[in-house]
Amino acid sequence: MVPKVQLLQSALSDLFAQANTTGHLTLADRYGLMAAILDESLSEEERRCIDRLLRAVSRGRIKIVDDLSSLQ
């Protein structure tokens, strides 16, 4: 049995804002996105937010980094 993942209310919008500010996605960010994608109860707005993040990565505006967190 796979445990149910509950996302925080503003987690995706916060992640989107942080990624746009810093210009990169960390390992923790990617795990958060993976959990969000697997959540079947995402709203349409949250799905569009994920799509915008992935589009920004594919266009090179946001880089994938191997840092665990953006907090140093």
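In which helix is the place of G32? G32 lies in helix α2, residues 27–38; helices here are DSSP runs of H or I with at least four residues, numbered from the N terminus.

Before I continue, a word on the source. This is a predicted model, in which local features need pLDDT of at least 70 and side-chain atom pairs count only at pLDDT 80 or more, while totals for chains, interfaces and linings use all residues. Residues are numbered from 1 along each chain as its sequence is written, and side-chain values use heavy atoms, leaving out hydrogens and water.

G32 is partly exposed, at 30% relative accessible area, a class lying between buried (under 20%) and exposed (over 50%), with a 1.4 Å probe and protein chains only. Its C-alpha is 8.4 Å from that of A11, 21 residues away in sequence.

I turn to the helix packing. The axes of α1 (residues 11–22) and α3 (residues 44–58) come within 10 Å and cross at roughly 20°; axes are lines fitted to C-alpha atoms over the stretch in contact, with angles from 0 to 180 degrees between N-to-C directions. The two helices are therefore roughly parallel, a term for angles under 35 degrees. In contact, meaning heavy atoms within 4.5 Å, L12, S13, L15, F16 and A19 of α1 meet E46, C49, I50, R52 and L53 of α3.

L53 also belongs to the largest nonpolar core, which has 12 residues; such a core joins buried nonpolar residues through side-chain atoms within 4.5 Å. The largest share, 4 residues, comes from α3. Beyond four places in sequence, L53 touches L15, F16, A19, L33 and I62.

Key: Parallel < 35°, antiparallel > 145°, perpendicular 65-115°, else oblique.
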